[in-house]
Amino acid sequence: LMIRRPPRSTQSRSSAASDVYKRQGAGFIGSNLACYFQNNFPSSKIIIFDCFRNNDLLSNGNLKSFGHYKNLIGFQGTIICGNLNFKDDLLKLSQFKFDFIFHQAAISDTRVYDQEIIMRTNTNSFYDILSMAKKDDAVLVYASSAATYGNLPSPQVVGVEAPENPYGFSKLMMDQIAFDFSKNNPDMIIVGLRFFNVYGPKEFYKAQTASMIIQLGHQILDGNRPRLFYNSDKIFRDFIYIEDVIQANIKACSPTKNGTYNVGTGQSRTFQDIADILQSELNTRMKIDYFQNPYDGYQMQTSADIESTKEKLGFNPKFSLEMGIKDYIHEIKTLHGTECT
């Protein structure tokens, strides 16, 4: 399918009404973005590039790719199955001319310590994405990560990083590459978004790496007591709902300044809060099954400093944890089989 860029004279770049998009889109955030643009900008032309899942496993036994076709049922754009590590696959995108590129692809498992595959997939391929954006004069919005901060104390601030795993390091390297590329190409728009703990619809196929919100929800719906670490009322995370993440991606298309920005709520909530809110929504009063945290050096608190995100992107999160879980609960029940669609 050949797609031409619409004339600039009839619309501004930021209106996004008839532009050409490319994204890694069979995963959690990418599929939500694809559906959002299809529903809200029906004349836009959307191309998804994703390797989709197969039976290949990482060293820790998790799947290499979580992209799943069921996240894209109802999608009416163009899909290209390809791998970022394969140049021939990337060449398939040369037939298109993009206005916006949303780069969500990565091996994002924080407990994978195979440094070579992480760096090849996440960091090496980023040079190709940047070159594509430059060739097409496209806006590039890419996924960075709060994993760049490691175990640093809250609030986490852009510019102060200490990654504790290969994934976090690969994302920090991407941020540095983007900074240098932006400096050498000042007319381009390049924005990195450091997502904190994202949850919401279409994360189900991430399996063990899906948020604890859906995992605890399904435990409760199975009739089992929700399982939490001891002292979960003292473990804090910045949980952000997918609807806010979508809006952050949109805002990032027209920043007042290129850069890397935190995407969180700025408000930490505890693991205990999640179990309590879920039980309230599901009308249960089960006792918690507490168990010992098996992980050494476990991070006890994350909280995104989003002042620059508000100032430079105009981003203001709308969903509290209570609001997000309430909005999400129908899908949690539907995926469990408790509620019909």
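Mentor: Helices here are DSSP runs of H or I with at least four residues, strands are runs of E with at least two, and both are numbered from the N terminus. Please keep in mind that this is a predicted model.

Trainee: In which loop is the place of Asn 165, and is Asn 165 buried or exposed?

Mentor: Asn 165 has its place in the loop between β5 (139-145) and α4 (166-184). Leaving out residues up to four places away in sequence, Asn 165 touches Thr 110, Tyr 113 and Ala 147. Buried means under 20% relative accessible area. Because the relative accessibility of Asn 165 is 15%, Asn 165 counts as buried.

Trainee: Which peptide bond is cis?

Mentor: Most peptide bonds are trans. Pro 155 has its place in the loop between β5 and α4. With omega near -5°, the cis bond is the one from Ser 154 to Pro 155.

Trainee: How are α3 and α4 oriented to each other, roughly parallel or roughly perpendicular?

Mentor: The axes of helix α3 (residues 115-136) and α4 come within 9 Å and cross at roughly 20°. Angles under 35 degrees count as roughly parallel. It follows that α3, relative to α4, is roughly parallel.

Trainee: How many nonpolar residues does the contact of α3 with α4 have?

Mentor: Among the residues of α3 that meet α4 are Ile 118, Met 119, Phe 126 and Leu 130, and on the side of α4 the list includes Phe 169, Met 173, Ile 177 and Phe 181. Sorted by class, this contact of α3 with α4 has five polar residues and one charged residue, while the number of nonpolar residues is 13.  The crossing of the two helices, α3 and α4, is right-handed, and the nonpolar count asked for is 13.

Trainee: Which residue is 41 residues apart in sequence from Ser 125?

Mentor: Ser 125 is found in helix α3, and because its relative accessibility is 3%, Ser 125 counts as buried. Setting aside neighbours within four places in sequence, Ser 125 is in contact with Arg 120 and Leu 84. From C-alpha to C-alpha the distance is 6.0 Å, and the residue 41 places apart in sequence is Leu 84.

Trainee: Are α1 and α6 roughly parallel or roughly perpendicular to each other?

Mentor: Helix α1 (residues 28-40) and helix α6 (residues 242-251) pack with their axes 10 Å apart, at an angle of about 70°. Phe 28, Leu 33 and Phe 37 are among the α1 residues that meet α6, where Ile 242, Val 245 and Ile 250 are included. The contact of α1 with α6 divides into nine nonpolar, three polar and no charged residues. Angles of 65 to 115 degrees count as roughly perpendicular, so α1 and α6 are roughly perpendicular.

Trainee: How many charged residues are in the contact of α7 with α9?

Mentor: Helix α7 (residues 271-282) and helix α9 (residues 321-336) pack at an angle of about 55°, and α7 and α9 are therefore oblique to each other. Among the residues that meet are Asp 273 and Glu 281 in α7, and Glu 322, Lys 326 and Lys 333 in α9. The contact of α7 with α9 has eight nonpolar residues and no polar ones, and the number of charged residues is five.

Trainee: What is the phi of Asn 231?

Mentor: Most residues other than glycine have a negative phi. Asn 231 lies in the loop between β8 (227-229) and β9 (236-237), and because its relative accessible area is 49%, Asn 231 is partly exposed. Its phi is positive although Asn 231 is a residue other than glycine, with a value near 65°.

Terms used: Residues are numbered from 1 along each chain as its sequence is written. This is a predicted model: local features need pLDDT of at least 70, side-chain atom pairs count only at pLDDT 80 or more; totals for chains, interfaces and linings use all residues. Side-chain values use heavy atoms; hydrogens and water are left out. Axes are lines fitted to C-alpha atoms, for helices over the stretch in contact, and angles run from 0 to 180 degrees between N-to-C directions. Angles under 35 degrees count as roughly parallel, over 145 as roughly antiparallel, 65 to 115 as roughly perpendicular and the rest as oblique. Contact means heavy atoms within 4.5 Å. Ala, Val, Leu, Ile, Met, Phe, Trp, Tyr, Cys and Pro count as nonpolar, Asp, Glu, Lys and Arg as charged, and the others, Gly among them, as polar. Buried means under 20% relative accessible area, exposed over 50%, partly exposed in between (1.4 Å probe, protein chains only). A crossing is left-handed if the near helix is turned anticlockwise from the far one by less than a right angle, and right-handed if clockwise.
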